[in-house]
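Please have the sequence and the coordinates at hand while reading.

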Amino acid sequence: MQAESPDALARAKRVRLMLFDVDGVLTDGRLWYGPSGETLKAFGAADGHGIKLLMESGVAIALLSGRDSPAVAARAAELGVAHVLQGIDDKLAAFEALCKGLRIPAGETGFMGDDLVDLPVLRRCGFACAPREAHELVRSHVQYVARAPAGAGAAREICDLLMRSQGTLQAALARYLA
């Protein structure tokens, strides 16, 4: 399933800051609890590599999550993601504060979210996208719905789309073809 608005690529071309929700976007949304009550999360390697390539192309990355998890902090550190906003009840307020702090207008941001709590940011950012499993109301408010599943390629698909729209994808891939 792929849904793309007519202006999706034009919106993607303007993105200077891309934000990702975590549960249901960078993971499949399932929460695993270990014997001591710790939360375990599985992240897709391809999604992580896409995020690194997108950062290298000049797009800033942020993670914006309602939950607070050491696993997310560890994954963000591994990828070099500098902006990690966790335990956020009001995602829109956190989004606006980040945009203000980075001096990036909302119209030059993208956000990938999957559930109702993500709608305020999805409706405010310049390029809204969602994984295919996202709530149907969320899917109706985005410019792009990924074909790949959450936690298994959806974020990579968006990273590649952004780089393709900005003309940086071929340069990012060139080192692997040399």
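Is cysteine 125 buried or exposed? With a relative accessibility of 6%, cysteine 125 counts as buried, where buried means under 20% relative accessible area, exposed over 50% and partly exposed in between (1.4 Å probe, protein chains only). The model is a predicted one, in which local features need pLDDT of at least 70 and side-chain atom pairs count only at pLDDT 80 or more, while totals for chains, interfaces and linings use all residues. Residues are numbered from 1 along each chain as its sequence is written, and side-chain values use heavy atoms, with hydrogens and water left out.

Across the whole structure, the search finds zero disulfides, a disulfide being a pair of cysteine sulfur atoms within 2.5 Å. For cysteine 125, the nearest cysteine sulfur belongs to cysteine 129 and is 7.3 Å away. Cysteine 129 is buried as well, at 0% relative accessibility.

The search also finds 13 salt bridges, each defined as a side-chain nitrogen of Lys or Arg within 4 Å of a carboxyl oxygen of Asp or Glu. Among them are these pairs:

| Pair | N to O distance |
|---|---|
| Aspartate 23 and lysine 41 | 2.6 Å |
| Glutamate 78 and arginine 75 | 2.6 Å |
| Arginine 156 and aspartate 160 | 3.2 Å |

Aspartate 23 is in the loop between strands S2 and S3, and lysine 41 in the loop between strand S4 and helix H2, so their pairing ties together parts 18 residues apart in sequence; helices (H or I, at least four residues) and strands (E, at least two) are DSSP runs, numbered from the N terminus. Aspartate 23 is buried at 14%. Glutamate 78 is exposed at 56%, whereas arginine 75 is buried at 15%.
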